[in-house]
Structures are given as C-alpha cells and as structure tokens.
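Hello,

Here is the structure I promised to pass on to you. Please have it open while you read, and my notes follow below.

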Amino acid sequence: MPTELDLAPLWLSLQLASVTTVLLLLFATPLAWWLANTRARGRAVIEAMVALPLVLPPTVLGFYLLLVLGPHGALGAPWLQLTDTTLTFTFTGLVIASLLYSLPFVVQPLQNAFEALDRKPLEAAWCLRASPLDSFFSVVLPQAMRGYLTAAVLGFTHTLGEFGVVLMVGGNIPGETRVISIAIYDHVETLDYASAHWLAGILLVFTFIVLLVVYALDRHARVRVI
Amino acid sequence: MKLPVLLLLWFASPLLHAGEVKVAVAANFLNTLHILAPVFEKNTGHHLLISAGSTGKLYAQLHNGAPYDVFLAADDKHPALLEKEGLVMPGRRITYAVGRLVVWSGRSMPSQEGAQIFQQSGIRHIAIANPATAPYGRAAYQALNTMGLWHILKPRIVQGDDVGQVFQFVASANAQLGFLALAQVLNPKNTFSRDYWLVPEDLYDPIVQDMVLLKKAENNSAAYAFVVFMQAAQARTLIQQAGYKVK
C-alpha cells in the first residue's frame, strides 16, 4: 500500500452511504406503503417519479441539484437563511443528492414486499385493536424483512458507488465531499495508478463481501433477498 | 434519391469530407478555439472535432492511446512529457499562447480592489480548477500561496474538474469568486459581468501553453494544416484578442 494513501474518502463514502440508507428506509417506508396500497389515480405518476433516478443520467440530476441546492435555489436559499451554510459543496448537500439518487433502490423492494404481504394477520391485528405502529412492527416488519434487507443493501451499495452527481455538486473537498469514487477518478487522472488500484480494490472487495454475506444469509434464511 | 442511397451518403460523408482534425483542448482555450475553428474551416475546408477537458485528464487519455491528432494544453509540462514518451511528431511542440489568470465574480467589481476582493463579506466559496490536473488551478494555488492567503482561504476553496466547471460554479452563484483564464471572461458568449481582477503575473509561474502534433496524425494533412494555421498571423491575432499573450 502506498504510504501516502489517503483513506479518508473511503470513510466519507461509508458515512454518506450509512446516513443515506437510514434516512431512506425511514422516508421510503410510508411512501412504499402508500404505493403498495393506494388506488389513487396519481399512483402511476408517483411511481414513475420514484423510478426516474434509475434511468436519468446522473448529470441531469446533478445539473438540477446544482441549481436547486445553490444559494439562490428553491432548497439552497432557505437553507442558507436558516443555517448560514450552503448545500452545494457540503456533506449535507451530498446526503440530499444521494437520497434522490438511491430512492428507487429502496422504495421498489419495499413496495414489492408490502404488495406481497399476507393480509390476514394484519386484519387480525386490526380486529384485536393493535395500534398501527404495533401492527407494523409485529406483523408487517417480520414479513417484509426480506424487502428491508434488499432495500438497505441496494441503497447502501448504490450510494457507495455514486459518482456523476457528486462530481457536479461536490467541489472535491477533502473530508467533506471527496468521496471514494471521486478520489479514484483523481488518482486515475493524475496517473497515480497505485493509489487508484488500492482504493478501487478495496471498494470491489468490500462490495463483493457485502453482497456475498447477503446471498449467504439468504440461503440460510431460505428467503430470496435480491 | 432513394433512402438507401441517402443513408450511404450520410455514412460515407466523413470520408468525402476534405479532412478531419481531432483536437483535444484544455478547457481554458475551448471558447477561443470555437472562435478559431470557423476561420480554419473556411480557410482550408477541413473540419475540427473538438474535445475539451483539463490538461492533466487529456494527457492521461493521450498517454493511454486516445485518438487525438493535436493537443492544445494549458501548460508546457504535459506536452513535454508526451514528447519524452515519444508520442509527438519531432519538432512539433509549439507555444501557441501564454495564459493570464483572473479572478471573476460574475458581477461588477470595482477595478481598484485588487487582492481585497478576498476580504469581502459574503465570500463563501472560491472555486479553483483541480491543481493536480489543471494548470490554471495550479496557478491559482500558487497565487494564493504567494499572497499568503492559501491557509486562510483553504476552508472556502472548492475544486472544479477544470476551469470550465469553475466558470459554471461562479455563473450558477454556487461560488462567489473563481480563478479562470482571462479568455473565459472576455468570451463573447459570456452573458455575465466582464469585470475581473487580473492576477499579477509575479504571483504564479507563467502559464506557457504548448500544443503538440501527435504521431498518430503523421499522415493527416489536415492536422498539419491546423498546426500551421495556429502559428500564422491571423490566428495569433485572434488568440491575442481573446485574452492571451502570444510569443
């Protein structure tokens, strides 16, 4: 390993992916639940919007985020008023970008899990006057565990691999927005292949192990995760 | 004409065309090349295919066999490296411009302000190009360092991939100041303020911009024509007007 190899971008990426995954699981649960149960006409529109980051080039997302998160933007301006900090070029801004970027990877597995729920235990819980929260944790969550695991793993690994959006709104600040993909890009651009190899290798092995553990658990639990 | 014939002509058109030059250009010179390109194309009937990026990035691409005929860099170091690696036609490394570093805010600035602009309130972010890959970023770092401001301003520095992104960071108001090439500010397509602070030249190493004709272009007469065009009086005048010095 090159002695000067900077591992800070790796930790930063892990931090970003963790924060994003936790927040997404919280926000995506009610959204996925609504999508799984509603018959509202707007459902297809919302589903299409959720799926957009799957197909849009990250530059499109990055371009809009640069404007929206900027000091005159719809989110950036009020944020600046409230906190006296900007959203572009900050970790907070990257979290917001990642929430959008990884949204479909979390919502879709959850929605699938909720749609496949056995309704009878849930109806029984309602008849027994269990609170919505209680029925969620005692009835829904155990059944949807598989979906949650898939959502968490996909959300986490996808955020870990985020590049184009960060390149456009990050500003390459060490410890703040220089995530591992940007650091690898920089190393390649400056022909520092040794450092690029180390970081890329670490990311490759780490991601592989995460997926391997999930698949292995999957087999033992006799449930399909991905 | 029948559709198949039209399609055939369309596919074959690059072959029928006079000649084609693939140019890799450092981001600072992109606007200027867009001014030069129509003149060259009109003079010679050849066609330019332009790709822009930071000098370091384009160098890395050329080092790995990218199919460019001519490389217009923002320094003389990367072209010299290519020459040393034997990728350049002998004697075809030529200085085409000397760059001038400016600080730009996108808004009107009193000209007498000088280095005071960094002390203004409301300067949250100062954009520079990545010093590791972009010569203008390196010059910005040197200038701030020489002024003794680097360590003070470091928390506010954000890096663009090249000076093109620096322009865009300032234009979109995400950064309040940016270090750019003068030519980017003077560019006719710049719809923002043309006020700038010309960074004194003793604060940074001269930005000597070299171009090279690559060995790949050995049999491309259009590429030779372009190199000749760039050294002729007409091009030199246009380059000067765009905001560079010429040797």
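Predicted model: local features only at pLDDT ≥ 70, side-chain atom pairs only at ≥ 80, totals over all residues.

A:Arg129 is another case in chain A: a residue other than glycine with a positive phi of about 60°. You will find A:Arg129 in the loop between helix 6 (119–127) and helix 7 of chain A. With a relative accessible area of 78%, A:Arg129 is exposed.

What does its length tell us? A straight helix of 29 residues would span 42 Å at 1.5 Å a residue, but the end C-alpha atoms of helix 7 of chain A span only 34 Å. Helix 7 of chain A also has a kink of about 60°, and the kink is centred on A:Met145.

Next, the surface of chain A. A:Leu149, A:Leu204, A:Val205, A:Phe208, A:Ile209, A:Leu212, A:Val213 and A:Leu217 together make a nonpolar surface patch of about 750 Å². Which element gives the largest share of this patch? The answer is helix 10 (residues 193–221) of chain A, with seven residues. One residue of helix 10 of chain A is A:Val213, and it counts as partly exposed because its relative accessibility is 42%, between the limits of 20% and 50%.

Now to the charged pairs. Side chains of opposite charge can pair when their charged atoms come close. Over all chains, the count comes to seven salt bridges.

In chain A, a salt bridge joins the side chains of A:Arg43 and A:Glu115, at 3.5 Å from N to O. A:Arg43 belongs to helix 2 (residues 43–55) of chain A and A:Glu115 to helix 5 (residues 91–115) of chain A, so this pair ties together parts that are 72 residues apart in sequence. A:Arg43 is partly exposed, at a relative accessible area of 23%, and A:Glu115 is partly exposed too, at 39%. There is also a network of salt bridges here, linking A:Arg43, A:Glu47 and A:Glu115.

In chain B, B:Asp161 and B:Lys57 form a salt bridge whose closest N and O atoms are 3.0 Å apart. This pair links distant parts of the chain, 104 residues apart: B:Asp161 sits in the loop between strand 7 and helix 7 (163–171) of chain B, and B:Lys57 in helix 3 (residues 55–63) of chain B. Are these two residues buried or exposed? Both B:Asp161 and B:Lys57 are buried.

Also in chain B, B:Asp210 and B:Arg93 form a salt bridge, with 2.7 Å between the closest N and O atoms. B:Asp210 lies in strand 10 (residues 207–214) of chain B and B:Arg93 in strand 4 (residues 88–99) of chain B, so the pair ties together parts that are 117 residues apart in sequence. B:Asp210 counts as buried, at 3% relative accessibility, while B:Arg93 is partly exposed at 32%.

Strand 10 of chain B deserves a look of its own. Eight of its eight residues are buried. B:Ile207, B:Gln209, B:Met211 and B:Leu213 cover one side, and B:Val208, B:Asp210, B:Val212 and B:Leu214 are on the other. Strand 4 of chain B pairs with strand 10 of chain B in the antiparallel sense over seven bridges, and B:Ile94 has B:Met211 as its bridge partner there. Strand 3 (residues 70–72) of chain B also runs antiparallel to strand 10 of chain B, joined by three bridges, with B:Phe71 partnered by B:Val212.

Finally, strand 7 (residues 157–160) of chain B pairs with strand 6 (residues 126–129) of chain B in the parallel sense, over four bridges.

Best wishes, and enjoy exploring

Definitions and conventions. Residues numbered from 1 in each chain as written. Chains lettered and ligands numbered in written order. Heavy atoms only, no water. Patch = residues over 30% accessible without salt bridge, like charges linked within 9 Å, V, L, I, M, F, W, Y side chains within 5 Å. Areas by Shrake-Rupley, 256 points an atom, 1.4 Å probe, with all protein chains shown as cover. Salt bridge = Lys/Arg side-chain N within 4 Å of Asp/Glu carboxyl O. Helix = DSSP H or I, 4+ residues; strand = E, 2+ residues; numbered from the N terminus. Buried < 20%, exposed > 50% of the residue type's maximum accessible area, 1.4 Å probe, protein only. Pairing = 2+ DSSP bridges. Expected span 1.5 Å × (residues − 1). Bend = angle between axes of the 7 residues up to and from the residue.
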